[in-house]
Amino acid sequence: APRRRPPPQPLLPELPEGGGGAGDGIPRESSPFISNSGLERGNFYEGKNMALFEEEMDSNPMVSSLLNKLANYTNVTQGVVEHEEDEDSKRKEIKAPCMGTFIGVYLPCLQNILGVILFLRLTWIVGTAGVLESFIIVFVCCAGTMLTAISMSAIATNGVVPAGGSYYMISRSLGPEFGGAVGLCFYLGTTFAGAMYILGTIEILLKYISPNAAIFKAEEKTEAEEAMLNNMRVYGTCTVALMAVVVFVGVKYVNKLALVFLACVVLSIMAIYAGVIKTAFDPPDFPVCLLGNRTLSRQKDFPCAKYTVKGNTTAVTELWNLFCDGASLNATCNEYFNQNNITQIQGIPGVASRVLIDNLWSVYGDKGSVVEKQNHPSVPVPDEAKDRDLPYVFSDIMTYFTMLVGIYFPSVTGIMAGSNRSGDLRDAQKSIPTGTILAISTTSFIYLSCIILFGACIEGVVLRDKFGEGVNGNLVIGTLAWPSPWVIVIGSFFSTCGAGLQSLTGAPRLLQAIARDGIIPFLQVFGHGKANGEPTWALLLTAFICEIGILIASLDSVAPILSMFFLMCYLFVNLACAVQTLLRTPNWRPRFKYYHWTLSFLGMTLCLALMFICSWYYALIAMLIAGCIYKYIEYRGAEKEWGDGIRGLSLNAARYALLRVEQGPPHTKNWRPQVLVLLNLDSEQLVKHPRLLSFTSQLKAGKGLTIVGSVLPGVYLDKYTDAQKAEETLAQGRRHMPQHPSSFLPLCPPPLSCLHFPFS
């Protein structure tokens, strides 16, 4: 009978339901190390459009997908979202990183860079330093951050940057000593930035939104400044406590408001540009009253004249009563008031006027000087003592170029927002360089264009009027905005409030990352927190340090302090990139290719120069703090070995020196004794003749090099424990030498102990 053929076997074995292994009947394990393409294929196409390639999907997203990402936009640092997901019992599975360049890097950097200085101080800087010097200030600061961003992009694309951001990059590149010192400086900078944002929030509230909310009232004008500082301290302390409670309860509430804060920033910028365009054909009506060439304060609306004539009756105005001792026309008045006329000019003549030429040059002044209009007719009064009770607009601080650099620089910080959240990005090595550099380019354009537009639209005396006293107490930048000054006032209030919340959210996590590394022993308590990892103790310390900045109570005094800490951090980011590039270490292979060690060195030099330009004594104090932390970590805590660049630099220097030594015979003047000592160890791996080391030390008198070693016969794997104990014994003997113990070196450094390897 013919033999039956067996049924044809399938080319591929059938897989069990749920996706099994290759015919083994066992369900496939869900593991990040095993390809689960069959399981994830259904999820892969979910929410995709008909793009042919995934790159097309990223470049041409669906409108609904973009709106959904904007709705879920968050500006908190990496690690915060994961902690809140642990608290949410409804979320069972961990989502893969899905943020792109625009949502994950560009918008957070944009929101962090554009802040309180733009709304409250940029007009004053333009009016004081002039358009040209202001342009130089902004350009130099933006150039420093751009060079730092290039170096940061190279480091960030060399590997994953977890929570800690700049601290992680510096510590893994320059070692735990530099990383801990600069990481703590960056932490202090972020904390003081929170204090600056809170002070800006309170200033907007008490100056422009609700002046009647002030607790301390000034009976005289000379007491107004002190009363304002006390109000800032009281309201600032309450705000710090409230924000700390919000962060402690849960940062998911901060996440829900992140899009609101971002919208406030974007709408405020658009209102400024819209207002500039409107001034070309319809300038707003903000009259400024001048006595001679001096600006008069008009906290409330009153006639800009000495007296008014109604029919046949002449009546004195409120200004007359302020400068004279009576309401009659024969009263004794201030001499300058008698000699000069009162005129009224437009505070915002518009972009079509020639006011830009008048605002090109700087007008610096001392504290208490009157804000005056340049090239305006005035009759000077000799030996006049300026009375602070008169209704002039006075300068509250002494102004000069370097001081303005220190006040402005915090407005260009925030470039680390993208690198701090690399774990949340779909392609961090692509998104971080692109998003960060685009954000810096955008904000640099905004700042530079605003300087020119402010100088071309607003009168100089209004620009130098820091608190808008000459324009009825309005925010100066708000007078330019369209459709209403309240767009800028409300937008700046919410944006500065959100920036303060984000600082109080990010700073404790930076301190927690440093504490968990264990490089600074006394900070280890701040590595603990709630069960889900929230840094409770670090939040308390952050709130306390932030309160110190609040007690200073002056935004102009706090800004240079945090400038120092940020500049020091940026300096070491550039140094880390330059060192890694020059050493050409095997693990230095960043995907970002548009960097060079000369750019990093230029950025490092620029940051160092800006530190001393802002404030040389603050720079020395910041360096002293960093130096003390460095020496403390070196003495007590540096037990980590991360293969840092400083150690690699030392090895390269030693190699170079050894190669130079072999080039020729040493001269007799350069001769130093070089002794090789072979010690005999007993069965317990202790030195049998310890005095041999003392004798060797006396022979060389601390001038030469002694190599100490011993030989242990046997197989390396069998003798590994004895070899380790022998190395410890030799190290102890080297440390207990009576003279110059550091000149002794082991014969074979670890991990190669001096053992006898039998040949087979």
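Which cysteine does a disulfide join to Cys 324? The legends below take up this pair and the other cysteines of a predicted model.

**View 1. The disulfide of Cys 324 and Cys 333.** Cys 324 is joined to Cys 333 by a disulfide (a pair of cysteine sulfur atoms within 2.5 Å), with an S to S distance of 1.8 Å. The link is right-handed, with 105° about the S-S bond. Cys 324 has 10% relative accessibility and therefore counts as buried (under 20% relative accessible area; exposed is over 50% and partly exposed in between, with a 1.4 Å probe and protein chains only). Cys 333, at 11%, is buried.

**View 2. The disulfide of Cys 289 and Cys 304.** The sulfur atoms of Cys 289 and Cys 304 are 1.9 Å apart in a disulfide. The S-S torsion of this pair is about 95°, so the disulfide is right-handed. Both Cys 289 and Cys 304 are buried.

**View 3. Cysteines and the disulfide pattern.** The whole structure contains two disulfides, and counting bonded cysteines along the protein chain gives the pattern 1-2, 3-4. Cys 185 takes part in no disulfide; the nearest cysteine sulfur belongs to Cys 569, 8.7 Å away. With 0% relative accessibility, Cys 185 counts as buried, whereas Cys 628, at 49%, counts as partly exposed.

**Notes to the views.** Residues are numbered from 1 along each chain as its sequence is written, and side-chain values use heavy atoms, leaving out hydrogens and water. In this predicted model, local features need pLDDT of at least 70 and side-chain atom pairs count only at pLDDT 80 or more, while totals for chains, interfaces and linings use all residues.
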